[in-house]
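Biologist: I am new to this structure and would like to learn how to read it. Could you take me through it feature by feature?

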Amino acid sequence: MTLTVDLHPVFRSDRDIDNAVRSAIFRAVAQKVGLLEIIPGKGSGTLKRRVLAKLAQPSLKKFYRRVEADPGNEGRILVHF
């Protein structure tokens with residue numbers, strides 16, 4: 001099962017981005033999802049770097065096994081549980 005979160009609607013607010021990533025992780029854990037797709041989009045890469053930095057925080061890192069940039073689509077981050 002896969003959960004997808006599109007960050008395009010909140011890309012202007014750092015706090016909204018952080019909250020969206022955190023709630024997506026918690027929702028994925030609660031629903032026992034195997035894969036979370038976070039879509040920051042391609043753009044300049046600033047949003048993607050922010051999402052990766054947020055995911056690297058120890059408080060969130062303990063919930064998932066690994067994170068990877070989708071090799072077929074650089075505008076997507078895959079979080080494996």
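Modeller: What follows goes through the sheet, the helices, the charged pairs and the aromatic rings in turn.

Modeller: This is a predicted model, in which local features need pLDDT of at least 70 and side-chain atom pairs count only at pLDDT 80 or more, while totals for chains, interfaces and linings use all residues. Residues are numbered from 1 along each chain as its sequence is written, and side-chain values use heavy atoms, with hydrogens and water left out.

Biologist: In what order do the strands of the sheet lie?

Modeller: Strands of a sheet pair through backbone hydrogen bonds, either parallel or antiparallel. Helices (H or I, at least four residues) and strands (E, at least two) are DSSP runs numbered from the N terminus, and two strands pair if DSSP finds at least two bridges between them. Here four strands form an open sheet in the order 1-2-4-3, with mixed pairing. Strand 1 (2–6) and strand 3 (66–69) stand at the edges with a single partner strand each, so one side of each has no neighbour in the sheet. From one strand to the next the twist averages 20°. Strand 3 pairs with strand 4 (residues 77–80) in the antiparallel sense over four bridges, and Ala-69 has Ile-77 in strand 4 as its bridge partner.

Biologist: Which strands does helix 1 touch, and which residues of helix 2 are buried?

Modeller: Contact means heavy atoms within 4.5 Å; axes are lines fitted to C-alpha atoms, for helices over the stretch in contact, and angles run from 0 to 180 degrees between N-to-C directions. Helix 1 (residues 14–30) packs on the sheet, where it touches strand 1, strand 2 (35–39) and strand 4, and its direction makes about 165° with that of strand 1. Helix 2 (residues 46–55) lies across strand 2, strand 3 and strand 4, and runs at about 15° to strand 4.

Modeller: As for burial, buried means under 20% relative accessible area, exposed over 50%, and partly exposed in between (1.4 Å probe, protein chains only). In helix 2 the buried residues are Leu-47, Lys-48, Val-51, Lys-54 and Leu-55. Seen down the axis of helix 2, these fall within an arc of 125°, so they line one face of the helix; the arc is that of the directions from the helix axis to the C-beta atoms.

Biologist: How many salt bridges are there?

Modeller: Side chains of opposite charge can pair when their charged atoms come close. A salt bridge is a side-chain nitrogen of Lys or Arg within 4 Å of a carboxyl oxygen of Asp or Glu, and by this rule the count comes to five. One of them joins Asp-14 and Arg-50 (3.6 Å, N to O). Asp-14 lies in helix 1 and Arg-50 in helix 2, so this pair ties together parts that are 36 residues apart in sequence. Another is formed by Arg-76 and Glu-37 (2.8 Å, N to O); Arg-76 is partly exposed, at 23% relative accessible area, whereas Glu-37 is buried, at 14%.

Biologist: What kind of aromatic pair do Phe-26 and Phe-63 form?

Modeller: A pair of aromatic rings is described by the distance of the centres and the angle of the planes. Rings of Phe, Tyr and Trp (its six-membered ring) pair if their centres lie within 6.5 Å, and planes under 30 degrees apart count as stacked, over 60 as edge-to-face and the rest as tilted. The structure holds one aromatic pair: Phe-26 and Phe-63 are edge-to-face, at 5.4 Å centre to centre and 85° between the planes.
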